[in-house]
Amino acid sequence: MKSRSTGFLALAEELQSYILSLLPYRDILRCTTVCRTLRQTYMSSSELQYITELGGQQLLPVSDTDLDNHTSISKRLQLLRDKAHAWFKFDIHSFENVSIPEQYHDAKTSLADRHLCLFNEDEQSAKIFPILPKPSQQRIERDWPSGSLCSIPNADSIEVFMDPAQNLIAIACMIADETLEMDDERLYIDLGTLDGDGGVHPEAAGKTLFLSGLPRCEDGLYTIENWKLEGLGRHIAFRRSLLVHEGGYKFGEEIWFMQIWDWQHSTTSSCVLSDTIINPEVGESLDFCFLGNDRLLIVSKDLKLYSIEDLSQAPQLLACFLMPVSVTGIQCLLPMDDIAHSSQLQMQAQRTMWTSDPENRILSLITRTRDATNSLAFIISTRIFFDPQAGVSDRMAGIPWEHWGPLNARIFVHNWRCRVGVSGNRVLQAFPTMDMTLVEEYPNYLLHMMDFSPLAVERRQGLGIVVREPSTIEIPELEETLTTSLPYVEVVSDRIFGVDQVMDIWVDKDRNLFAQVEYRGIR
């Protein structure tokens, strides 16, 4: 006589499915290995399979959307699996040329929400236009001719940030008036709409963000200033650095300052960080990036992780991750334009049913050691910045590289002339076809597409190669070696590119294309 199931297994299949749906996706998969009944419950439930597929692809669901109301769970599951299978159909020969006006040849360029954003500080001009847009996507195309960026007379724009998903442009301006004694009075950040006529952004607390507490160097000292303006969701951050010396070519210190605003709720802010770097190199010795809506990473000689959940106070230090070598010339690459965050959630939800998880992405740090001829590309999984076992929740003073780096990173030698493309868990990098010590100054390159998501490693299915074994690089200047072992799938192009063809490349997160910029003599 067959025994009757009791307890959880005696429940109706619909109730079992509902209870399992409350678990993390890994626990759901573990339950399916316990017995045939739970396995059958899982195989009969599109919702449970959808949850585990989202988790496996390291995505977050976007709920309460129009798409949800018209798309069944089974259809969403199929769309999600098609997204994963797109990697199997990846074609590294597929690329698009993007023509850029000659006046923006040396401009700051960035890619956001499938729009190319350009800013020429010398000519005080800017431009935005769509590349590879989705059929249903809002397209913004606009030029700001010379002198039209700043709304106040006698002011120059020094930095521009554009966010097409929020129809936002933020412009850091400096008033050319030496009678103003305090830099707080000379610097401000203007907010507007990308497709507007200079009015106030409908979601902004006001037209202008005001700075406070900017540091100054002593009179008579020579300084070089550099800036960075960045945003994510409701946050906008402005960093100012002063490189100071008394003469000659060696800088004595770098004084840096950063202020963060919730631009939707206030035009002022008490969320301020500042510090001094002794004996910096010429060039960027500091950079930063947002890690989702509540964390900020300051990248310098170490990686300092801060909480910015409460903008009424200074950012709170969560952890300090020690780098294995002393570095300079830092560039931080962590595109977040596909993250659904509070202010643009509804806008983005109209286009998608899921969004990338900021806790499971790839951060690329382009840097170099002192006196080095080539740069280093640190490819780091952001999961380490959310892992309590790494010491984040304990606010450890310094987490040694050996405790966090080797298993969560890869390090590659990088040519400083080439751009690294990053999107989600994918990295597109150009590698020379021959040993750099054996070729001329401008070698040819092959493109390597690397996918660091665990799902790609697990589901390779014949495309590319899975790299699990550790890799070691030598740093001759320091007589050191560094070994890392973050697994990834790699596909290498068989097409050879010149250095001028790989100076500006971007990865598209959905279509597996990259954009190759061509500068033409057009205005």
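Student: Which residue stands opposite I366 of strand 21?

Tutor: Bear in mind that this is a predicted model. Strand 19, residues 327–333, pairs with strand 21 in the antiparallel sense over five bridges. In this pairing, the residue opposite I366 is Q331.

Student: And on strand 22, which residue stands opposite T367?

Tutor: Strand 22 covers residues 375–381. Strand 21 pairs with strand 22 in the antiparallel sense, over six bridges. Opposite T367 stands L376.

Student: How many residues of strand 21 are buried?

Tutor: Strand 21 runs over residues 362–369 and is mostly covered. Buried here means under 20% relative accessible area. Of the eight residues in strand 21, the number buried is seven.

Student: Which strands stand at the edges of the sheet, and why is one side of each left without a neighbour?

Tutor: The sheet is open, with four strands in antiparallel pairing and the order 19-21-22-23. Each edge strand has a single partner strand, so one side of each has no neighbour in the sheet. The twist from one strand to the next averages 20 degrees. The edge strands are strand 19 and strand 23 (409–414).

Student: How many residues has the largest nonpolar core?

Tutor: The residues with the most contacts inside it are L297, L303, F321, I380, F385 and W404. Another core lies apart from it, with 20 residues, including L187, L211, L229 and W263. The residue count of the largest core is 31.

Student: Why does helix 2 count as oblique to helix 4?

Tutor: Helix 2 spans residues 25–32 and helix 4 spans residues 46–56. Their axes lie 8 Å apart. Roughly perpendicular ends at 115 degrees and roughly antiparallel begins over 145, so the rest between them is oblique. Helix 2 is oblique to helix 4 because they pack at an angle of about 125 degrees.

Student: Is the crossing of helix 2 and helix 4 left-handed or right-handed?

Tutor: Helix 2 makes the contact through Y25, I28 and L29. Helix 4 contributes L48, I51, T52, G55 and G56. The crossing of these two helices is left-handed.

Conventions. Residues are numbered from 1 along each chain as its sequence is written. This is a predicted model: local features need pLDDT of at least 70, side-chain atom pairs count only at pLDDT 80 or more; totals for chains, interfaces and linings use all residues. Side-chain values use heavy atoms; hydrogens and water are left out. Buried means under 20% relative accessible area, exposed over 50%, partly exposed in between (1.4 Å probe, protein chains only). Two strands pair if DSSP finds at least two bridges between them. A nonpolar core is a set of buried Ala, Val, Leu, Ile, Met, Phe, Trp, Tyr and Cys residues joined through side-chain atoms within 4.5 Å. Axes are lines fitted to C-alpha atoms, for helices over the stretch in contact, and angles run from 0 to 180 degrees between N-to-C directions. Angles under 35 degrees count as roughly parallel, over 145 as roughly antiparallel, 65 to 115 as roughly perpendicular and the rest as oblique. A crossing is left-handed if the near helix is turned anticlockwise from the far one by less than a right angle, and right-handed if clockwise. Contact means heavy atoms within 4.5 Å.
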